[in-house]
Amino acid sequence: MASADTQPQGPTNDITTLASDILTLTKSHQDGSTNAASTAEIIAKAKQLITTLQTPMDHASSLLVSMVEPAVIRTLIAFKVLQTIPTSSEDSISLAELEQKTGVQAALLQRLLRVVVGTGFITSNGDGAYAHTTLSAPYAGGMIPTLFGAIYDELLPTLHLNEYFATHTHAEPDGPESTTHNPISWLAGEEGRMTAFDLMERDPARLKNFHVLSSMAEHWRPVTGFYDYGALASASTGEDIGRVTLVDIGGGDGGILAKILEAYPGLEAEQCVLQDRAPVIALAEGNTSLPEGVKKQVHDFYHPQPVQGAKAYHLRAITHDWSDSVVISILKQIVPAMAADSKVLIADNVLSEDVVGGESGLASMMDLLMMSMGGKERTRKDFERVCGEAGLVVERIWSSGETGERDVGGFAVVECRLK
Ligand SMILES: C[S@@+](CC[C@H](N)C(=O)[O-])C[C@H]1O[C@@H](n2cnc3c(N)ncnc32)[C@H](O)[C@@H]1O
């Protein structure tokens, strides 16, 4: 057992100091001298204050409520309740009217709404009328309900990690085994036979939804603004004319390539190639956001890369889907196609080496979610190792959260060249 002087030295847990820190930070917030980082600092201190005040049983109770709240929100989206509550801040809606408009029994609605009124997500005037808060109003339409619903549906079933590890000993079995020996394949009763992507492709609606989601998830995985894809185009002169600029390997329905082309008009659609498995390329054929000139190519990244000498081979949200040995074999298929100046651009989370430095909760959560399909998030050292084994050198990490080359837990482009 750790003695008092071997206890980790955490931030202060003195409630008066924490409350006074919050007050100071809040004052400058109100003065308008604020930004996303200072807001995050206030939230971090407020959370610290809560965990300091909570008893272990309070904490356990709040975990239980946090488990139920997303399930209720998901159901309220499915019942179109959040879409039916008026969004104007003065308006509310009675339970009877909600029942009449959604066709869902009032008693059931009331039980669901009680949970989210309790958490403060929705407000109630006490007379059986409900209104949106600033947090719930965006669920009335647009991107958030779709995004939330799809993430919930895809990922929730995979979180039965305790059940999986009751009969499995490794999160990352050696070799290609990990692609079909993982919680998703196991839960579907297809362990040893199907990968998570095989399973998704059995259901066209689910496949389509996944790709819409993947292109929309910019809040967590920004596409542009931190790596200059435009610079790839600048050398398109002389012998580079006609050379392929960007190959988006496992590029999904093309939504990401469309965003890159829109943000960097210097890139020519005709010099870009989108590659993926056949059912996904079929989806891309119907993606009207993708400029016509882009070449769409069915390609399995376990086979040799057919586009020779492109300026860059882009793998976005690919390496975190797979174990080390699988990523090494995917990269090894690209290396022989590269010209001396070709780059491999890996866009994925880069975890910090040392969580004490402050890990982004999102990146470490994604790491566990990726475990469900046999993948993982990686640190800079992890990327250096797997890239090195494939014959590549990590030249620079372009972080979406930081400028410079600090190790941060967050989304980044890992730029590699041939060894
Ligand atoms: C997480 S999605 C990322 C899609 C896109 N790059 C993005 O950032 O939104 C992973 C992609 O890898 C593709 N994929 C999986 N196995 C593949 C394979 N063997 N060959 C080519 N693509 C594959 C999937 O179809 C899917 O489009």
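Modeller: First, burial: a residue is buried if 20 or more other C-beta atoms lie within 10 Å of its own, exposed if 12 or fewer, and partly exposed in between, with C-beta atoms placed from the backbone. This is a predicted model, where local features need pLDDT of at least 70, side-chain atom pairs count only at pLDDT 80 or more, and totals for chains, interfaces and linings use all residues. Residues are numbered from 1 along each chain as its sequence is written.

Colleague: Is Trp-398 buried, exposed or partly exposed?

Modeller: Trp-398 is partly exposed, because 19 other C-beta atoms lie within 10 Å. Its place is in strand S10, residues 392-399. Helices (H or I, at least four residues) and strands (E, at least two) are DSSP runs, numbered from the N terminus.

Colleague: What is Trp-398 in contact with, leaving aside its neighbours within four places in sequence?

Modeller: Phe-226, Tyr-227, Ala-412, Val-413 and Glu-415. Contact means C-beta atoms, placed from the backbone, within 7 Å. Phe-226 is 172 residues from Trp-398 in sequence, yet the C-alpha to C-alpha distance is 6.4 Å.

Colleague: Switching to S4. Which strands does S4 join, and in what sense?

Modeller: S4 (246-249) runs parallel to S5, with four bridges. S4 also pairs with S7 in the parallel sense, over three bridges. Two strands pair if DSSP finds at least two bridges between them.

Colleague: Which residues are the bridge partners of Asp-248?

Modeller: Leu-274 in S5 and His-314 in S7.

Colleague: And which S4 residues sit on each side?

Modeller: Leu-246 and Asp-248 are on one side, Val-247 and Ile-249 on the other, and all are buried. In a regular strand the side chains alternate between the two faces of the sheet.

Colleague: What unit does S4 make with H11 and S5?

Modeller: A right-handed β-α-β unit. Right-handed means that, with the strands pointing away from the viewer, the path from the first strand over the helix to the second runs clockwise.

Colleague: Which residues of H11 are buried, and what covers them?

Modeller: In H11 (residues 255-263), Gly-255, Ile-256, Leu-257, Ala-258, Ile-260 and Leu-261 are buried. The cover includes helix H10 (204-216), S4, S5 (272-276) and S7.

Colleague: Now the ligand. How many residues surround the ligand, and which are the closest?

Modeller: 17 residues surround the ligand, and the closest are Ser-214, Gly-250, Gly-252, Arg-316 and Ala-317. A residue counts as near if its C-beta atom, placed from the backbone, lies within 6 Å. The shell divides into seven nonpolar, five polar and five charged residues. Ala, Val, Leu, Ile, Met, Phe, Trp, Tyr, Cys and Pro count as nonpolar, Asp, Glu, Lys and Arg as charged, and the others, Gly among them, as polar.

Colleague: What is the phi of Ala-317?

Modeller: Positive, about 55°, although Ala-317 is not a glycine. Most residues other than glycine have a negative phi. Ala-317 sits in the loop between S7 (312-316) and helix H13 (324-334). Ala-317 is buried, because 21 other C-beta atoms lie within 10 Å.

Colleague: And Lys-80, what is the phi there?

Modeller: Also positive, about 60°, and Lys-80 is not a glycine. Lys-80 is in the loop between helix H3 (56-78) and S1. Lys-80 is partly exposed, because 16 other C-beta atoms lie within 10 Å.

Colleague: Last one. In what order do the strands of the open sheet with S1 run?

Modeller: S1-S3-S2, with antiparallel pairing. The edge strands are S1 (93-94) and S2 (122-124), each pairing on one side only.

Technical notes. Contact = placed C-beta atoms within 7 Å.
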